[in-house]
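Please load the model in your viewer and keep the selection panel at hand. The tour below moves from one selection to the next and says what is found at each stop.

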Protein chains: 2
Amino acid sequence: MTSEEFRRFGYQAIDWVADYLAHADRYPVLPRVKPGELTDALPSCGPEKGEPMETILADFERLIVPAMTHWNHPGFMAYFANSSPPEAILAEVLATALNGNGMVWKTSPAVTELEQLTLRWLRQWSGLPDDWFGMIHDTASTSSMHAMAAARDAADPQSRTRGAQPGLVVYSSEQSHFANEKGAIAVGIGRDNVRKVPADGEFRMRPDALEELIERDLAAGLKPCCVTATVGTTSTTSVDPVPAIADICETHGIWLHVDAAYAGSAAIVPEFRWAFEGCERADSFVTNPHKWLLTPMDCSIFYTRRPEILRRAFSLAQNAEFLEVGNLTREVNLMEYGVPLGRRFRALKLWFVLRSYGHEGLANMIREHVRLARDFAARIEADPRFELTAPAPFSVVCFRRKGTDDENRALLEKVNAAGDVFLSGTVLNGHFTLHLAVGNQATTAAHIERAWKLITSE
Amino acid sequence: MTSEEFRRFGYQAIDWVADYLAHADRYPVLPRVKPGELTDALPSCGPEKGEPMETILADFERLIVPAMTHWNHPGFMAYFANSSPPEAILAEVLATALNGNGMVWKTSPAVTELEQLTLRWLRQWSGLPDDWFGMIHDTASTSSMHAMAAARDAADPQSRTRGAQPGLVVYSSEQSHFANEKGAIAVGIGRDNVRKVPADGEFRMRPDALEELIERDLAAGLKPCCVTATVGTTSTTSVDPVPAIADICETHGIWLHVDAAYAGSAAIVPEFRWAFEGCERADSFVTNPHKWLLTPMDCSIFYTRRPEILRRAFSLAQNAEFLEVGNLTREVNLMEYGVPLGRRFRALKLWFVLRSYGHEGLANMIREHVRLARDFAARIEADPRFELTAPAPFSVVCFRRKGTDDENRALLEKVNAAGDVFLSGTVLNGHFTLHLAVGNQATTAAHIERAWKLITSE
């Protein structure tokens with residue numbers, strides 16, 4: 001492809017994106033395809049000869065776009081809604097062309113330093129300790145797996161050499177994300193050694209129950225090594241009582257990991273700072289700007305106040321002769337702190353976002369999403385046919401129609417079939433419940449109104 | 001940012017990229033910055049108010065670009081050189097705007113299905129078994145960690161529940177990548193249980209030595225669970241004798257993982273098929289299109305013929321009520337096969353690349369890179385001042401000036417200081433050696449000529 005062709009197709013792609021961002025709501029949020037339908041529509045063998053870009057772009061529009069679930073659609077209110085804003089798209093264009101790889105400082109100083117810098121800015125805006133160390137992973141599951149590996153090695157430094165020793169136990173609430181179990185499986189602790197701590201009536205971990213489980217495990221000769229507290233659980237966005245949990249962790253010398261994958265973005269808003277009380281005492285903390293901070297997939301931030309534990313576990317710098325790993329104070333080599341060696345230039349999009357919106361712009365977006373969610377929750381509360389099924393401290397509302405689970409499943413299906421909004425469901429206290437999450441940049445009161453109409457139409 | 005502004009800045013970004021791709025060689029490959037210099041040049045706090053895009057783009061050019069190691073530069077010949085071609089950049093523009101997340105099939109059918117489809121095309125082009133299962137991870141280190149978790153669980157299905165049991169042992173050659181040790185540390189096997197199998201004079205794992213180590217471990221009551229064979233090692237691109245290693249693995253019921261992160265791309269070229277003999281017997285296989293197949297960071301393919309082992313280890317579908325995980329035959333849910341839940345639409349760039357270049361175009365690029373490397377190796381061989389330090393089966397040449405290590409380190413430093421080529425170094429048989437890797441799309445005979453001039457100038 002010549003420079004001129006690239007310019008032509010590049011402008012065309014930009015035009016397509018501009019149009020998409022302005023009118024994503026022309027597409028049904030959920031695609032109307034069956035499993036395998038896209039696969040069947042595409043050749044089962046790759047082409048022997050290259051094909052013209054016109055054909056590829058036409059197939060993209062004709063086949064790929066209709067098979068997308070449109071996460072960047074203002075009617076997307078399932079799971080945790082997210083956004084890919086224009087400013088971040090510009091950054092990704094540039095980052096892809098540069099194709100930097102921050103394996104170590106030297107292999108791309110800007111990749112490493114901008115990652116450190118943006119994570120510092122965000123720490124400051126969030127009131128988190130300034131001396132924490134941060135790095136970006138693909139997903140919160142990967143970040144939490146690293147937290148668990150660190151907790152394992154903090155409890156037993158010989159894990160690195162001898163392997164995971166039997167008897168390690170980790171804890172998280174029954175409302176926590178299953179990433180905690182995956183992490184425990186991955187690092188060799190095992191699923192049977194994950195304790196699910198009972199939650200209270202508002203879906204928050206019960207510190208008394210945590211203490212009891214720890215005491216029981218200690219009495220049985222086991223080694224509690226990690227507690228994951230969640231600030232903003234996946235189902236209800238409930239907030240575990242971190243200060244009380246931190247007390248327990250400190251008493252017993254247990255690694256405290258905080259999963260704030262979704263709600264962590266709200267830490268930049270002063271009126272939500274209450275939810276992060278005690279987090280400054282955490283050993284590690286995960287927050288995903290790709291959820292609620294206008295950053296496209298993927299960008300999960302892993303902070304830790306004990307980077308030396310990760311480095312002790314994962315650094316193999318002396319084995320990396322081909323990399324000539326430096327060891328100057330300011331020459332951080334991120335590959336020494338985790339599993340991945342390669343490192344995409346993810347920080348550029350985050351830098352573009354933090355700068356274009358500023359602290360104020362991002363905080364105002366979060367405030368507006370919370371306001372929209374509260375308006376919706378107020379409607380639910382005011383309508384005797386419906387009920388809230390959990391408190392709604394952030395931008396997620398859990399609710400159900402008074403009636404059976406089947407009726408509520410049918411309601412969700414009906415709402416989503418219309419194509420202009422997409423809600424998800426979850427199970428709370430054994431009952432199916434609907435879950436509306438505000439989080440896309442383009443979502444407005446009109447989209448909430450539309451959801452309300454669909455939910456209440458007979 | 002309005003649509004019109006996005007178009008304007010988008011065109012500007014495309015123009016910048018077009019210019020960059022045409023003239024990346026205007027920049028020194030290695031940046032002339034000291035550790036911390038970029039950090040010091042940027043504000044230590046993020047902006048309270050949003051800043052104009054003009055300012056951000058200006059800072060990008062003024063501060064970020066000069067602090068990049070230019071991987072997309074035709075003179076980049078260090079490590080494994082790679083490329084970000086214009087076609088893939090177009091795909092990333094579109095994928096970022098869509099912001100799809102393939103956690104499960106339903107959360108973006110196109111993300112899941114296009115990943116399956118492109119990986120099938122590539123399997124076919126590579127002569128790998130058509131019934132293998134494939135998925136994309138960020139890096140080969142992550143892929144290999146999953147191989148090791150699968151091997152651990154294949155050897156002891158109770159690893160999932162009880163944790164890694166003591167006594168598991170893994171094997172790879174002394175020339176293998178340190179990702180194998182990281183993987184063993186991560187999954188709880190431990191570094192002391194990684195056996196480094198001696199290599200022969202051409203840096204290939206010695207099957208007799210492997211057999212001996214396994215017998216010794218078995219006699220000691222240990223459980224060999226994984227052998228990693230490398231096709232294209234990091235230092236010299238040597239090829240382990242996979243058929244003999246596969247025999248040993250089959251005899252003892254050990255998981256065979258093949259690390260073809262770099263050389264795997266050459267499997268699409270018939271004349272390099274010899275290097276993959278026996279790979280069809282592997283339990284898992286990793287190849288990184290982001291190394292030598294024109295795909296920008298990040299894209300590491302993990303294939304396995306035993307996906308059920310990974311699913312048994314990692315599936316927590318029943319815990320993921322909020323995802324309503326389907327279980328239709330054609331509804332693959334990739335989050336059940338590994339740690340990450342979120343999944344970026346990485347397959348789109350791969351699909352654009354496979355289609356734009358076709359099998360033939362990609363194979364010809366690999367052929368040309370190998371031809372350039374062989375030309376360079378021939379010059380080294382013909383010059384009595386230099387010597388090859390390893391065979392060069394692919395596009396990497398290891399060589400040194402006859403003399404001391406210090407002289408060779410000084411030579412590397414001098415060559416890299418010029419700014420128009422970037423070579424790396426490694427240690428072979430205890431001696432420092434230079435490493436020239438051809439792998440960037442824009443690298444031509446002129447760049448090799450320039451490297452030669454720099455190397456031979458007194």
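## A covered helix

Begin by selecting helix 8 of chain A, residues 179–186, which is mostly covered, with eight of its eight residues buried; bear in mind throughout that this is a predicted model. Stepping along helix 8 of chain A, you will pass Ala179(A), Asn180(A), Glu181(A), Lys182(A), Gly183(A), Ala184(A), Ile185(A) and Ala186(A), which are buried. Just after helix 8 of chain A, select Gly188(A), where the backbone takes a positive phi of about 85°.

## The two domains of chain A

Next, colour chain A by its division into domain 1, made up of 1–30 + 69–98 + 357–458, and domain 2, which spans 100–344. The C-alpha centres of domain 1 and domain 2 of chain A are 28 Å apart, and the contact between them draws 24 residues from domain 1 and 24 residues from domain 2. On the domain 1 side, the elements of chain A giving two or more residues are helix 4 (86–98), helix 13 (347–382), strand 9 (396–401) and strand 10 (424–428). Helix 13 of chain A provides the largest share of that side, six residues, and the residues of the domain 1 side comprise 15 nonpolar, seven polar and two charged.

## Between the chains

Finally, show chain B together with chain A: 129 residues of chain B are in contact with 129 residues of chain A. On the chain B side, select helix 1 (residues 3–23), which contributes the largest share, 15 residues. Colouring the chain B side by residue class gives 66 nonpolar, 39 polar and 24 charged residues.

Key. Residues are numbered from 1 along each chain as its sequence is written. Chains are lettered from A and ligands numbered from 1 in the order in which they are written. This is a predicted model: local features need pLDDT of at least 70, side-chain atom pairs count only at pLDDT 80 or more; totals for chains, interfaces and linings use all residues. Domain bounds come from an automatic or database domain assignment. Two residues are in contact if their C-beta atoms, placed from the backbone, lie within 7 Å. Helices (H or I, at least four residues) and strands (E, at least two) are DSSP runs, numbered from the N terminus. Ala, Val, Leu, Ile, Met, Phe, Trp, Tyr, Cys and Pro count as nonpolar, Asp, Glu, Lys and Arg as charged, and the others, Gly among them, as polar. A residue is buried if 20 or more other C-beta atoms lie within 10 Å of its own, exposed if 12 or fewer, and partly exposed in between; C-beta atoms are placed from the backbone.
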